[in-house]
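Subject: Structure handover

Hello,

Here is the structure we talked about. Please open it alongside this note.

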Amino acid sequence: MDKRNRTTNVLIVGVGGQGVIMVSKVLAQLCQEAGHDVKQSEVHGMAKRGGGVFSHVRFGPKVWSPTIPEGEVDILVALEWAEGLRWIRHLKPETGTFIADCQKIVPPFACRSRKRGAEPAYAPQTPEEIIDQVHAGYVMDATGLAANLGNARAANTVLLGALSTALDFPEAAWAQVIAATVPPKSVGINARAFTEGRAWALGGTKRIDVTASGLQKSRAEVHHPQVETVVEITADWCKGCDICVKSCPERCLRLNDQLKAELALPELCTGCQLCSWLCPDMAISVTNTPVQEAAS
Amino acid sequence: MTHALRQGATEPLGAGQSRPMTGNEAIARGVWEAGARVAAAYPGTPSTEILESLAAYPAADIHAQWSTNEKTAMDVAIGASFAGTRAFTAMKHVGMNVAADALMSFSYIGVNGGLVVAVCDDPGIHSSQNEQDSRIYARFAHVPVLEPSDGQEALEFTRTAFDLSEEYDCPVFVRSTTRLSHTRSAVTLGARQTPAARVFEDNPRKNVMIPAHARMRHGHVLAREARLREALSDSPLNRVEPGDARVGIITSGIPYTYVKECLPDVSVLKLGVTWPLPDRLIREFCAGVERVIVVEELEPLIEDALKAMGIACEGKAFFPREGEFSPEIVHDGLAKAGLMPARVHAAPFEFAPMVRPPVLCAGCPHVACFMALGAIDARVAGDIGCYTLAVVEPLKSMDTCVSMGSSIANAVGMAKAGTETRPIVATIGDSTFLHSGIPPLIDAIYNDADITVFILDNHITAMTGGQDHPGTGRTLRGDPAPRVDFFALVKALGVRWVQKVDSYDTASMQRQLREAVAHKGVSVVISDRPCVLDPVRIKGPAMAVDQDSCIACQACMNLGCPAITWAEGWHEGRHKVQIDPEACIGCSLCAQLCASHSIKPADIAEQV
């Protein structure tokens, strides 16, 4: 189908506070000034609370649905790596373009496991395996580029620069709308951020630069020696104040019939030593002894 | 608070200009263009921005106010209508439950100045406690409900709603949904009208609903609905878009855009008014097509009405009755009906995405409150607000949440049931307390319930994005206002045990709560710290973790603070922790929990 007669779909995603709405407003304004019908749809509410944020921008001669059907996204712009992966299924399989900042925002929810050797439950996919599967893909250090210019918060404008290479609007029109949208004090840095992002993305249809993000960190290193945990509670010193029972993250301690603390659920104990640190009577000692692996 | 509000009222844009506007901004513009003089609302996602946008219009044109709850807002609008001016109120779907009492009677009374109610439903439950369909309220109250499909219609339908209201002597609904309210599209603006000046109309038989008058008015209401039903068959609000006659689709609102996305050439009856339904137009349309399909979000209101009219049609056989529609869902339904091929989308990416649930902010004053409730092992009757997030990991210390203001009376019932061995605490935010927490607190005192009420005062309506209320000392337009003194208020109601606590002091928080629950009868604890986001973003000096002394116990992780994550370093097989200095506001809760005293203000930590 003729590109001019169909709707173009851009999905912009990230985490609350990153500037997803600013990116989509710039794009929507640009499209409207170019004479397109435009719809831009987002959902407010929980966005401020650290949840994912997304904004659909659709433009063309006549736009019906405010949201983009799954698999119809022409360009996916991700201000955060894992948020990009959340929406990548929505990308048009044959022709879609994926533009992502390699920036990682690890939510507290990803750091919940107390098991020894636990790694954050953050998206394990590498940029290489993702880029291999898309038509065009850019994983860039937008935050790093913006920080070098003097303000990491201009990362969203760096991504706008990259986005500009995938759409048919004149560079001057982009610059004009960005200047009119951002606060007057930051017009200069945003102009440079746009130029940097655009230049970077013009360097090929598949590019990866994740030097700053740690996305390629080796996972071979083992930090979790097997340890044997022994919890000793000196009953004579314990006065049953309940502090250890209340503060144990695993709730594996309790007071027995004599109101003395005891380790009721040893299988849950992670050896964190919090009880021994907090005991006002120094009645608890926790020792973690590394276990030599006999077989190897 | 919207950007426009921060800037204060400006000269409204002139007629003829085209601007990208959200559905909510367009509704507000429609209210202004209709010449309305009074608007009132209580904030509620997705309706909040309507009143915020109205407040950006000149105060000389329209009085716009936050009211304490939706019923109060409705009654304020009704009063303005009695007084002869055009009046407006906006609310979310569940707000309609609160306002319904006034609406039901006012439908009998009818209007003097036109009265329009914007009600914003939340299919998909993006930020609500249910997904009820407000069109059923319109049917229940015998009032018309207009359903725009885009920003332009949102403006025009709102303007038209005022004319309908005066012509048919009834309040009129404009129904939006989250998708329409929060979608920006091009809107061409019109000029502000000057409605004919009216004054209060002395007519007790119409304005005073005693039984004798109400019996007479009921007949008027039913006759009015019949007249509307007939007139709406010829109204441009409802339109037939002729196409392939093998199938005719009847739809409205946002689902109309999905139908057009999927089947641009099909015959469509686009209903701009979904109650009362235009019988004659529907019969004509259905007679001209071989098969009738109804595409409507949530309840089968249109479908059931068609079936009652004896018209064969299909709808919920193909489309879900729950959740928000999308182009995909409408495509699937139309495919199930045999009208288009099924979707094929072979996405190569099959992995499950990482979970990123919403969390309480870094430094949120609610956090310590719920830590303390966990520590005293309370049975917690919760309420509506940001703090409802305390139900999930890691705080996990809220046991119930029903509707605005439910917490206190729920706690009374739990106490009176006599089955609970744990102390019973009701938690309620400042704005929710003013909305509907005061009558149940009086109930608790009057009936001597042994409960503790924990008022979480963060000085703002936080969940909806930072709106003022009578406890903030400012009005919707930012003007100074008398400020409710919660301490004096609960004292005056007769509570004998009242204490204020600092939300950033975990020890005193726990001590006060222990004392409060030990008190027999009603005790009230008021936590007192402002929201870190609104009205001003709070940013104090950040805390830092001494990586040498951190023992990786991760006790601080139990706060669920988004500024605290795992560091690169390890201690005995567990990650040490780190604090993002950009996100940390320096509330020091984590430092208070740290057993190894490894968390200190960043500037001090550097010097050591």
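My notes on it follow, by region.

**Ground rules**

This is a predicted model: local features need pLDDT of at least 70, side-chain atom pairs count only at pLDDT 80 or more, and totals for chains, interfaces and linings use all residues. Residues are numbered from 1 along each chain as its sequence is written, while chains are lettered from A and ligands numbered from 1 in the order in which they are written.

**Chain A overall**

Chain A holds nine helices and 11 strands. Helices (H or I, at least four residues) and strands (E, at least two) are DSSP runs, numbered from the N terminus. Of its 296 residues, 47% count as buried. Buried means 20 or more other C-beta atoms within 10 Å of the residue's own; exposed means 12 or fewer; partly exposed lies in between; C-beta atoms are placed from the backbone. Among contacts in chain A with a separation of 6 or more, 65% come from residues 24 or more positions apart. A contact is two C-beta atoms, placed from the backbone, within 7 Å.

**Where the chains meet**

The interface joins 59 residues of chain B to 61 residues of chain A. On the chain B side, α8 (178–181), β8 (183–188), α11 (253–262), α14 (327–336) and β20 (564–571) each supply at least two residues. That side has 32 nonpolar, 18 polar and nine charged residues. Ala, Val, Leu, Ile, Met, Phe, Trp, Tyr, Cys and Pro count as nonpolar, Asp, Glu, Lys and Arg as charged, and the others, Gly among them, as polar.

An open sheet of nine strands runs β7(A)-β6(A)-β5(A)-β4(A)-β1(A)-β3(A)-β2(A)-β8(B)-β1(B), with mixed pairing. Strands pair if DSSP finds at least two bridges between them. Twist averages 15 degrees from one strand to the next.

The chains join at β2 (residues 37–42) of chain A and β8(B), which pair in the antiparallel sense over three bridges. There, Q40(A) stands opposite R184(B). Next along, β1(B) and β8(B) pair in the antiparallel sense over five bridges. In that pair, P20(B) stands opposite A186(B).

Helix α5(A) packs on this sheet, touching β4 (75–78), β5 (97–101) and β6 (136–140) of chain A; its direction makes about 160 degrees with that of β5(A). Axes are lines fitted to C-alpha atoms, for helices over the stretch in contact, and angles run from 0 to 180 degrees between N-to-C directions.

**Helix α5(A) and its partners**

α5 (residues 155–164) of chain A packs with α6 (residues 171–181) of chain A at about 155 degrees, axes 11 Å apart. The two are therefore roughly antiparallel. Angles under 35 degrees count as roughly parallel, over 145 as roughly antiparallel, 65 to 115 as roughly perpendicular and the rest as oblique. T157(A), L160(A) and S164(A) in α5(A) meet E171(A), W174(A) and I178(A) in α6(A). Those residues divide into three nonpolar, two polar and one charged.

With α7 (residues 187–201) of chain A, α5(A) makes an angle of about 45 degrees, and the axes are 6 Å apart. That makes the pair oblique. Contact residues here are eight nonpolar, six polar and two charged.

**Helix α11(B)**

Is α11(B) enclosed or open? 10 of its 10 residues are buried, so α11(B) is largely enclosed by the rest of the structure. Its cover includes β7 (172–177), α8, β10 (244–252), β11 (266–271), β13 (292–295) and α14 of chain B.

**A four-stranded sheet in chain B**

Four strands form an open sheet in the order β9-β11-β10-β13 (chain B), with mixed pairing. β9 (239–241) and β13 of chain B are at the edges with a single partner strand each, so one side of each has no neighbour in the sheet. Twist averages 20 degrees from one strand to the next. Three bridges join β9(B) to β11(B), which run antiparallel. E241(B) stands opposite V268(B) there.

**One residue to look at**

A375(B) lies in α15 (residues 366–375) of chain B. A375(B) counts as partly exposed because there are 16 C-beta neighbours inside 10 Å. Beyond its neighbours within four places in sequence, A375(B) contacts K246(A) and Q510(B).

Best wishes
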